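Please view the sequence and the model first.

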Amino acid sequence: MDVCVARQPIFNRRLDVYGYELLYRSAVMDSYAKLTNDQASLDVINNSFQLIGLDTLTRGRRAFVNFTKNLLENEVASLLPNTSLVVEILEDVEPNDKVIAVCQQLKRAGYLIALDDFVHDPKYARLIPLADIIKIDFMQTGPQDRARIVKLAGHGNNIHFLAEKVEKVEEYNEALALGYSYFQGFFFSKPFTVSGKDISGYKYNYLSLIKSVNDSAVEFDQIEKLITNDLTLSYKLLKFLNSAAFGFRTEIKSIRQAMVILGLKGIRNWVSMIALRSIGKDKPDELLRTAMCRAKFCELLAKKTNMKDQSSELFLMGMLSLLDAFLDRRLEDVLTELPISSR
């Protein structure tokens with residue numbers, strides 16, 4: 001399933017990109033759907049941080065994300081990295097005691113806080129000192145208010161001001177003269193929609209399984225537990241080793257016994273193969289055959305070179321080389337989620 005997020009760049013006074021505001025977009029109509037603000041923000045967070053990835057969306061710049069009162073009070077922001085996120089508090093958030101306490105906690109944890117569509121009002125007195133950035137809507141405010149807010153809210157506070165919805169060069173020059181630090185609006189760039197692919201639940205589970213068994217820190221007992229906790233895997237492993245192809249004189253009756261026979265590298269490759277087959281159950285059989293041919297080719301090639309000790313790693317590399325086709329996602333994005341050696 002396609003997922004989308006729109007991003008609009010935010011520039012500094014040198015017109016370098018400081019960050020991007022991330023905005024909800026429907027994958028169907030490429031516009032804001034009829035969702036609550038809570039739902040829209042949660043979709044933006046999930047699509048940006050989990051599915052598309054900030055490396056793709058912001059390329060190391062700050063991500064401005066809208067937070068509602070409910071999301072703030074439920075401390076959703078603390079689940080996200082403080083080095084990437086700017087917590088943008090929507091204008092309709094009432095700064096009650098709980099909201100103030102959460103913002104104080106976020107500040108102590110190193111998060112940046114922005115106040116969206118700010119208008120000067122006594123009720124924001126406790127919130128202003130906690131803000132790092134105040135955003136002023138240039139479509140909704142006149143020249144006098146734009147200057148007045150900077151003077152009143154900025155007095156005695158270490159705050160940067162952001163001029164948003166700037167659509168004319170005159171507005172940009174005005175914001176520069178007033179001392180604004182950041183700029184956003186159609187004059188610079190319209191929001192650009194970035195799309196990605198969601199992974200079905202069962203595919204994500206098997207991808208996690210591949211990640212777990214191939215983690216260099218995972219121990220023999222942990223892999224045994226992963227297999228024994230999965231009835232399908234346990235059945236397939238015992239059936240595999242008790243087949244006529246192996247011809248063991250005694251029946252293999254336990255997962256531990258099966259793992260000892262295959263060895264750590266062997267069991268990792270076997271689990272990865274079974275997981276990949278499950279991921280590709282909605283794909284042509286030829287895709288899995290090609291992946292396994294690549295895996296075997298890489299393994300044999302390793303044995304003919306000075307990489308003999310890494311034959312298992314090369315087997316895995318070949319097997320996962322078509323993971324983009326299995327998941328309908330870019331290979332470079334998928335591999336960041338797996339413990340694949342860079343050498």
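Strand β5 (residues 112-115) is covered on both faces, with Leu112 and Ala114 buried on one side and Ile113 and Leu115 buried on the other. Buried means under 20% relative accessible area with a 1.4 Å probe, protein chains only. Helices (H or I, at least four residues) and strands (E, at least two) are DSSP runs, numbered from the N terminus. The model is predicted: local features need pLDDT of at least 70, side-chain atom pairs count only at pLDDT 80 or more, and totals for chains, interfaces and linings use all residues. Residues are numbered from 1 along each chain as its sequence is written, and side-chain values use heavy atoms, leaving out hydrogens and water.

**Pairing of β5**
- Strand β4 (residues 85-89) runs parallel to β5 and is joined to it by 4 bridges; pairing requires at least two DSSP bridges.
- Ile89 is opposite Leu115 of β5.
- Between β4 and β5 the chain passes through helix α4 (residues 97-108) in a right-handed β-α-β crossover (clockwise from the first strand over the helix to the second, with the strands pointing away from the viewer).
- Strand β6 (residues 133-137) also pairs with β5 in the parallel sense, over 2 bridges, and Ala114 is opposite Ile133 of β6.

**Packing of α12**
- In helix α12 (residues 311-319), 7 of 9 residues are buried, among them Leu314, Phe315 and Leu316.
- These buried residues pack against α10 (255-279) and α11 (285-303), where contact means heavy atoms within 4.5 Å.
- The angle between α11 and α12 is about 155° and their axes are 7 Å apart; axes are lines fitted to C-alpha atoms over the stretch in contact, and angles run from 0 to 180 degrees between N-to-C directions.
- α11 and α12 are therefore roughly antiparallel (over 145 degrees).

Notes. Buried < 20%, exposed > 50% of the residue type's maximum accessible area, 1.4 Å probe, protein only. Parallel < 35°, antiparallel > 145°, perpendicular 65-115°, else oblique.
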